[in-house]
Amino acid sequence: MDHFDILRTLKYLPGIIIGLSIHEFSHAIVAKWCGDNTAYDQGRVTLNPLKHIDPYGFILLLVAGFGWARPVQFNEQNLRNPKTDVLKIAVAGPLSNAILAMILSVVFVLCTKMLPALPSDAVNTTFEILYYAISINWVLFVFNLIPLPPLDGSHILFHPFRKYPEVYAWLYRYGSIALFVIIIAGFVTGKNLLPIGPVIQYLTQGFLGILGLR
């Protein structure tokens, strides 16, 4: 964000809350399906946002455009097939955001066709909130697939190294530092060092176009 816009932030809020909640819920429920009850016992198999939102990460997300939710924990030793189950858990979060973005896109297109250009501020605001929610979920899908820790994409890229704990720990530690440096450098320089914007725009507009919205 170039500056903090309270009205725009309020319009983003529903999409952020729903997107983070479905993302973390998906991690938790897939872990349970794979045999580990750690997240379930912690009350994370729920869509209640209060169970998933980290207060500091959430505030930073609203103010700076970058933040985090509470990570879902799981015990790899409890998984029925750790080699593949870890990947399933990692992919579940971003995939849930992609599916939600598609569902919201269908709702958005249906609403625009049933309520075409109604002269109502409330209707227009609702359309804006819905559109932001679509974009935010595509953001969560794409951003979390970046192969740098602690993002979900790192679990996919570094998965072969899990059998080498010291190597995996080194990759995770310095990968996390690299992500932090990239984000801070972007704020300092004002340049987008994670150029995922065009991908998100393509997914948002492209899927709406497939549904018939031009």
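Analyst: A salt bridge here means a side-chain nitrogen of Lys or Arg within 4 Å of a carboxyl oxygen of Asp or Glu. Side chains of opposite charge can pair when their charged atoms come close. The model is predicted, and a search of the whole structure finds 3 salt bridges.

Start with Glu128 and Lys11. Their side chains meet in a salt bridge, with 3.0 Å from N to O. This pair links distant parts of the chain: Glu128 belongs to helix α5 and Lys11 to helix α1, 117 residues apart. Lys11 counts as buried because its relative accessible area is 13%, and buried means under 20%. Glu128 has 31% relative accessibility, so Glu128 counts as partly exposed.

Helices α1 and α5 are also linked by two rings. Among the 7 aromatic pairs in the structure, Tyr12 and Tyr132 form one that is edge-to-face, 4.6 Å centre to centre and with 70 degrees between the planes. Tyr12 lies in helix α1 (residues 6-33) and Tyr132 in helix α5 (residues 121-144), 120 residues apart. Both Tyr12 and Tyr132 are buried.

Phe66 and Phe143 form an edge-to-face aromatic pair, 5.8 Å centre to centre with 75 degrees between the planes. Here Phe143 is in helix α5, while Phe66 is in the loop between α3 (55-64) and α4 (82-114), and the two are 77 residues apart. Phe143 counts as buried because its relative accessibility is 15%. Elsewhere, Phe108, Phe127 and Tyr131 form one aromatic cluster.

Arg162 pairs with Glu76, and their closest N and O atoms are 2.5 Å apart. Arg162 sits in the loop between α6 (152-157) and α7 (165-189), Glu76 in the loop between α3 and α4, and 86 residues separate them. With a relative accessible area of 22%, Arg162 is partly exposed. Glu76 has 29% relative accessibility, so Glu76 is partly exposed.

Arg162 has a ring contact too: its charged end sits over the ring of Tyr168, 5.0 Å from the ring centre. A contact of this kind also occurs between Lys32 and Tyr40, where the charged end of Lys32 sits over the ring, 4.9 Å from its centre.

Lys88 pairs with Asp85, with 3.5 Å between the closest N and O atoms. Both residues lie in helix α4, 3 residues apart, which is about one turn of the helix. Asp85 is buried because its relative accessible area is 2%. Lys88 has 45% relative accessibility, so Lys88 counts as partly exposed.

Notes
Residues numbered from 1 in each chain as written. Predicted model: local features only at pLDDT ≥ 70, side-chain atom pairs only at ≥ 80, totals over all residues. Heavy atoms only, no water. Phe/Tyr/Trp six-rings, centres within 6.5 Å; stacked < 30°, edge-to-face > 60°. Helix = DSSP H or I, 4+ residues; strand = E, 2+ residues; numbered from the N terminus. Buried < 20%, exposed > 50% of the residue type's maximum accessible area, 1.4 Å probe, protein only. Lys NZ or Arg CZ within 6 Å of the ring centre and 35° of its normal.
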